[in-house]
Amino acid sequence: MAGITLKGLKKSYGTAHVIKGVDIEIEDGEFVVFVGPSGCGKSTLLRMIAGLEDISAGELSIGGKVVNDLPPKDRGVAMVFQSYAIFPHMSVRENVAFGLTIAGTSKAEKAEKVAEAARILQMEHLLDRRPSQLSGGQRQRVAIGRAIVRNPQVFLFDEPLSNLDAALRMDMRLEIGKLHQQLGATMIYVTHDQVEAMTLADKIVVLKDGMVQQIGSPMELYHNPANLFVAGFLGSPAMNFLDVDVTAVNGSKVLVSNAALKPVEITAKVGGFSAGGKAKLGIRPQYLTPVDSGGMLQGRIALTERLGSETVVDLTLGDGTRLIAALARDAVFPIGANLGLTFDPAQAHIFPV
Amino acid sequence: MAQISQDNRGLRLVVRYTVLCLIAAIFSFPLIFMVISSLKPSQQLLADAHSFRALLPVGDISLNNYFDAFKRAPVALFVFNSVLVTGVTVIASLAVCSAAAFAFAFVKWKGRDLALTVILATLIVPFETIAIPLLLEASKLPWIGLDGITWGWLNSYRVQIVPFIADGLTIYLFVQYFKDLPGELIEAARVEGASWFAIYRRVVMPLSGPVLATAAILKFLVMYNQYLWPIMVTQEEQYRPVMVGLQYFFQLNRAWGEIMAYLSLITVPVLAFYLYLQKAFIASIASTGVKG
Ligand SMILES: Nc1ncnc2c1ncn2[C@@H]1O[C@H](COP(=O)(O)OP(=O)(O)OP(=O)(O)O)[C@@H](O)[C@H]1O
Ligand SMILES: [Mg+2]
C-alpha cells in the first residue's frame, strides 16, 4: 500500500548540505516520529517527502513508486503545518472541503465527508465559523480535518502541537494517536518534544546535522542508544555522562573508574574500547539510588527539586562533575550535605570517545 | 487615575480630529473652489478669486457654464472614452500583472530572477523616451476586425489600452505583497492538490484585496490623466479622452467658468471610483484578516 522508502536522500541549498544521505524504511500504516535538535533537517526531510522541496540526490518512493519528480498533488500525501495554514478567507467548512473542491467532488459526497471528518474531530459546531473566530486548538483540528477528508495514504505532521499550551497539547496528542488507530494510515510526525515522540511512535528516527543517528522503537532507543547523542537526547532529565578511564577490557566487559567512581564493570553494546583509554559512562538519573553509607558515587547536594512524585537532586561529584539523580517519591535532602549513590551496572551505558 | 486618563483620552481625540479636519480642509480646498467656481460667470469668478467668496456660492449662481461646456465640446463622449479606456486597462492590468507576479513569487523556473530584474529595470525608463518608438511600432501593428486584416493601430481604443496593461510597477507591487503572504498557505494548497491556477484563483487572489486596491488606484490615476500618448495616437475626436478634451476650452476665448464646469464633470468618475474602492478595501481586510 503506502510504505515509504528513503534511499540516500540528500538536500543542499547551494553549498549548504542540509540532508546528508538519509536511509529510512517506513512500513505501511506505521507511525514514525522524526526527532532531533533545532535545525537538524527534520522539516526539510518532511517537506522533501511532501514534494515541497526538490530532492538533490537519492530516491524517494511512496507505495513502491519513485516520486522524486512528482508534484505534491500527485503523491497522495496530506500535511499538517505548525502554523496550521488554514485559509483565512474561507469558513471552516470550506477549509475542510478544500481538497475535495479542487478534485471536483460532488456536493453531496463533499457534505458527507466533511460531516464525517467533523464528527471524528468533534468540531461539528465549528463548521460555519471563520478561522479568525477559532482558538489555536480548534484551528489545529480544522487543519487535521482538511487532511483527513481526502483519505490520503500518508499523513505528514510538522510540529503540529508546538503552538498549543501544555494541557491542550496532551489532549491533541491523545487524539492524534487515536486518529492513527482509526485511519490506519502511514503517519510521519516531526517534533522536538520527546514525550510526543515516545508516546506516539511505532518507530523513532533520531536526526542530527542532516544525518540519521538511530532508528528504532521508543524503548529500543531508550534502553539501547547507539551513540552518545541519542543517549543524551532521549529521556528527561537527560542522561548523566561521566568521563571515565578504562582500566581493563575483556570481550564486551569493560572495567571503568575515575576519581569519583569506584571501579565498576559495564557490558558495552558497542566496541572501540582499550585498556588505558578514555570512555563516557552514561547513567540515567532514574537509575541512581541513594545509599546510607558507601555507594559507588559520592557527591555534595547543590540543589533539589521536589516534584511530588519524584525528587530531582543536583549533585557535584568529588572531581567537580555535575550529576543529576531523579529519586522516586518525595524526599527531603539538605543542601550541602553529602549523598552516596549506587546504580545497577546493567542499566548503565558506555560509549567510546 | 481613571479620571486623568479619561481626560487625556478626550484631549487626544480633540487634537487628533483637529489635525484630521485641517488636512481634510487643505485637500478639499481645490475641489470646493473648482465646484463653486463652475457655478459663476467668468468675470465674477476672477473677481472672487482674491477673497473668501471664492469658496462660497454667492453672487450670480447658475448652471450656465455646464450648458456652455456641453455646447463647446462633446463632453459626454470624452468622459465615456476615458472611462472605457481606463476601466478596461485597470481590469486587464490587475489580471495580467497579478498573474505575472504570481509566477515570480511562487513558481520556480529557470531565469526567473533575471526576468524579474529586467522588468524592474523598466521602472527607470520614462515613458517619454519610448513614446516615439512605441508610436512607430503601433502605427504598423496588424489587427483583425470587421474589415478583415488592417494595418496600424492609430485612432482606436486599443492603442490607448494595450501598451499600459503590463507594467513593472504593478508587477512589483504584487510580487512584494505575495512574498509577504504566509508561504505555508500556498504549500498547504499544493499538498491538497491545487494546480497553480487554482492556487492563484482560490487562495492568493481572495487574500489580495489590499494590493488589488492599491494597484487599481495607481493605474486608474495614470490612465485617467493620460494626455501625451492620446494626442500622439488619436487624430479623431471620436477616440479622445478627457484630458485631451481640455484643449477645447483653451482655444480662442478662454472661459474659466466653463473650464471649471468641465473639470467638475470629469472629476465625478474619479470620486465614484475612490468611494467604491474604499468600501471594497475595507471589506476585504475585514473578511480576510490578512494585514495590508
Ligand atoms: N531555503 C533554505 N536555504 C538555506 N538553508 C536552509 C533553507 N531552509 C532550511 N535551511 C537550513 O536547513 C537546516 C534544516 O532546517 P529545518 O527547517 O529542516 O530544521 P528543523 O529540524 O525542522 O528545525 P526546527 O526544529 O527548528 O524546526 C537549517 O540549518 C536551515 O538553516
Ligand atoms: Mg522544523
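In this predicted model, A:Glu59 is partly exposed, with a relative accessibility of 32%. A:Glu59 pairs with A:Lys7 in a salt bridge whose closest N and O atoms are 3.7 Å apart. By the rule applied here, the salt bridges over all chains number 19. The briefing begins with these charged pairs and then turns to the interface, the nonpolar cores and the backbone.

**Salt bridges**

- A:Lys7 is partly exposed, at a relative accessible area of 48%.
- A second pair, A:Lys11 and A:Glu53, forms a salt bridge with an N to O distance of 3.8 Å. This pair also links distant parts of the chain, 42 residues apart: A:Lys11 belongs to strand β1 of chain A, and A:Glu53 to the loop between α1 (42-50) and β4 of chain A.
- Both partners are buried: A:Lys11 has a relative accessibility of 6%, and A:Glu53 has one of 10%.
- In chain B, B:Lys71 and B:Asp68 form a salt bridge, with the closest N and O atoms 3.5 Å apart. These two residues are about one helical turn apart, because three residues separate them in helix α3 (residues 64-72) of chain B.
- B:Lys71 is exposed, at 68% relative accessibility, whereas B:Asp68 is partly exposed, with a relative accessible area of 28%.
- Through shared partners, salt bridges join A:Lys11, A:Arg47, A:Glu53 and B:Glu187 into one network.

**Interface between chain A and chain B**

- The two chains bury about 1,900 Å² between them, and 62% of this area is on carbon and sulfur atoms.
- Chain A contributes 26 residues to the contact, and chain B contributes 19 residues.
- Two salt bridges are counted between chain A and chain B. One of the salt bridges joins A:Arg47 to B:Glu187, with the closest N and O atoms 2.6 Å apart.
- On the side of chain A that touches chain B, the elements giving two or more residues are β6 (77-80), α2 (92-103) and α4 (136-148) of chain A. The largest share of that side, four residues, comes from α2(A).

**Nonpolar cores and buried positions**

- The largest nonpolar core has 84 residues, and those with the most contacts inside it are A:Leu6, A:Phe34, A:Leu45, A:Leu156, B:Phe178 and B:Val204. Helix α4 (residues 75-106) of chain B gives this core its largest share, eleven residues.
- Leaving aside neighbours within four places in sequence, A:Leu6 is in contact with residues including A:Val22, A:Ile24, A:Leu45 and A:Glu59.
- A second, separate core of 46 residues includes A:Val35, A:Ala117, A:Val142 and A:Phe229.
- B:Thr89, in helix α4 of chain B, is buried at 0% relative accessibility. Not counting residues up to four places away in sequence, B:Thr89 touches residues among them B:Gln160, B:Phe164 and B:Met223.

**Backbone features**

- Most residues other than glycine have a negative phi, and most peptide bonds are trans.
- The peptide bond from A:Ser236 to A:Pro237 is cis, with omega near -5°. A:Pro237 lies in the loop between α8 (228-233) and β11 (240-250) of chain A.
- A:Tyr84 has a positive phi of about 75°. A:Tyr84 sits in the loop between β6 and α2 of chain A and is buried, with a relative accessible area of 8%.
- A:Asp209 also has a positive phi, near 50°. A:Asp209 is found in the loop between β9 (203-208) and β10 (211-216) of chain A and is partly exposed, at 45%.

Terms used
Residues numbered from 1 in each chain as written. Chains lettered and ligands numbered in written order. Predicted model: local features only at pLDDT ≥ 70, side-chain atom pairs only at ≥ 80, totals over all residues. Heavy atoms only, no water. Contact = heavy atoms within 4.5 Å. Buried area = accessible area lost by both parts, 1.4 Å probe. Salt bridge = Lys/Arg side-chain N within 4 Å of Asp/Glu carboxyl O. Core = buried A, V, L, I, M, F, W, Y, C linked by side-chain atoms within 4.5 Å. Buried < 20%, exposed > 50% of the residue type's maximum accessible area, 1.4 Å probe, protein only.
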